[in-house]
Amino acid sequence: MSEGYLSQPSPRRSRRGQLAAAVTGSLVGVAVLAASGVAFAAGPCAGLGAPASTSPIICSSAIAIPGNPLTSFDIGFVNPNRAEFYLADRSNAGIDIIQTSTNRYQRTIGGFVGAIINPANNTVVAAKSGPDGLVAHGRWLYAGDGDSTLKVMDLQAVGNAADPIIKQSIATGGTTRVDEMDLNTAGTVLIAANNAEDPPFATMFTANGDNATSAVSITAKITVDTSIIPAGLGLSMEQPVFDPGTQRFYVSIPQINVPAGCTPFSAVNSCFGGLLVIDPTQVSRNTNYGPFNASVNAGVLALSQCGPNGAIIGPNGNLLLGCTPANMPSNIGTLAINTFTKNASLILGVTGSDEVAFNPGDNHYYTGSSANRADLGGPVLGIIDAQTNLLIGTIPSGSGSHSVAVDSKRNFIYVGQVVPKNANGPPGAGGGDTTGNSAQLCGTSNGCVVAYFDQLPFQD
C-alpha cells in the first residue's frame, strides 16, 4: 500500500480548532476520562459518557426501546429523507425505527431470528443471530438475518397479511448470518457480506431502486482467492461501501494471508488487513478476486496499518476504515485511504472501531470505537475532522457501543447502548457493558439509543 497524503476537500473554513477549543474548555474542573469525556451526575444523557453542555457536540436524548432489554444489536442506519433511524435489534428480533425529527421510538419490524444465546455464559452467538447488517433506499429497507437470508422490507406497506412489510426473504446459500451491506447510489445494486462463513463470501443482488414493487434477485457470488483468505482460519469479510466517484464497492477484510504464512489475530508475525475493491459492472455469476490490480482498480489491497471492520466514504473519495486491535493487535489508530490514489493517512488517538459514519452536515467522521485501546480511553465515540483527517476528540461510551449512524440533515448522531454485563441477567446480558457508561447515559439498566447533537453545523 502506498503511503502519503490523502486528496483533501476544497479549502473551507476548518472547525477543528474551534471544536477542539470548546471540547478542551468543557474539561475544566471535572475528571478527564478520555480526550473529550467528562464526568457528571448520573441520569439520562448526563452520565459518565455525556459531554459538557458547553461542548459543540451534546447529548440530546436517551431513547428507550420497548420490549426486551437491549442486550444485543448490530448495525444502525439513517435514512435522512424519511427522517428515520433503523437499529438491528437482536434482543427484540426486529428492526427498531426512531423518528429523527422528534427522536422518538416509532415501531419495530419483526420477523427475524433474534438473539441466539450461548447458555454457558449467557452471551449472544452473533454468527447465528439477526437482524444484522442493514441499509435503506427510499421506501426499501434491506437487512441480513442469522439464517443466511436477506430480507427486503417495504416501509410503506400496511403490515397485514394482505400487505406484509417483509416482501422477500432470499437465501444466500450459507449457514450463518448475512451481515453488513451497502447499495450503489441509485439503490439498484446491493452487496452483502456473509462474514461468518469459512471462507467468507459476499453476494451481489439486483435491488429495487425506486420501484414500487420488490423484485430483488441474486446476480453473483463473490469470493476471494484462498491464497489471500485461506479456509479454516476463521477469517472474515466486513463492511461494504459504495464510492460514487470510482463506481466501486470497497469491502473491509479484517485479516488476509499477507505476508504469506502470517498468524491471524496474533501480535507475533501478525497478518495485514485488506480492502476488497469490486467493480460491479465486471462481476460474473461467480467471481473470485485475487491481489489488487491497479489497471482495473479491482482486487484485494493489503493494508499494513489496519485490520478493518467498518468502512464509510467521506469527501473527495476519502474512505475511512474502522481499524481494530481485535483484528490486528498492532493497530494504534484509524485509517483513511483515498479511493482514487490509494494514498493513506493514519489517524492517531482512536482505534477499535466497528461501524463508522460520515456526516456531511458537520463534515465529521464518527467511530463506534467499542474496542478502543485502554491507553486511549477505552470504549468511546470518536470524532474526526473529515477536512483535515485529524482526531477532534472522543466521548466515553459503553463497551457494547459498536454501532453509529448519523442524520446528515439534522446533525444527530445515534449510538446504541447495551445493558450492563450480568451473566445472570436477561438473555444475552453476559456480553453487556463493563464500563458503567451505558446505564448512566441511558438512565436505566435496559439499554437505549443515545442521540448526540452537533450544535455547530459545517459551513462553507
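Trainee: What lies over the face of Phe 201, and at what distance from the ring centre?

Mentor: Lys 221, at 4.5 Å from the ring centre. A charge sits over a ring if NZ of Lys or CZ of Arg is within 6 Å of the ring centre and within 35 degrees of the ring normal. Keep in mind that this is a predicted model, where local features need pLDDT of at least 70, side-chain atom pairs count only at pLDDT 80 or more, and totals for chains, interfaces and linings use all residues. Residues are numbered from 1 along each chain as its sequence is written, and side-chain values use heavy atoms, with hydrogens and water left out.

Trainee: Why is the pair of Phe 242 and Phe 249 called tilted?

Mentor: Rings of Phe, Tyr and Trp (its six-membered ring) pair if their centres lie within 6.5 Å; planes under 30 degrees apart count as stacked, over 60 as edge-to-face and the rest as tilted. Here the centres are 4.9 Å apart and the planes at 55°, so the pair is tilted.

Trainee: And what about the rings of Phe 412 and Phe 453?

Mentor: Their centres are 5.1 Å apart and their planes at 40°, so that pair is tilted too. Phe 412 and Phe 453 also belong to one aromatic cluster with Phe 85 and Tyr 414.

Trainee: Is Phe 412 buried or exposed?

Mentor: Buried means under 20% relative accessible area, exposed over 50%, partly exposed in between (1.4 Å probe, protein chains only). Phe 412 has 14%, so it's buried.

Trainee: What makes Phe 453 partly exposed?

Mentor: Its relative accessible area is 27%, so Phe 453 falls in the in-between class.
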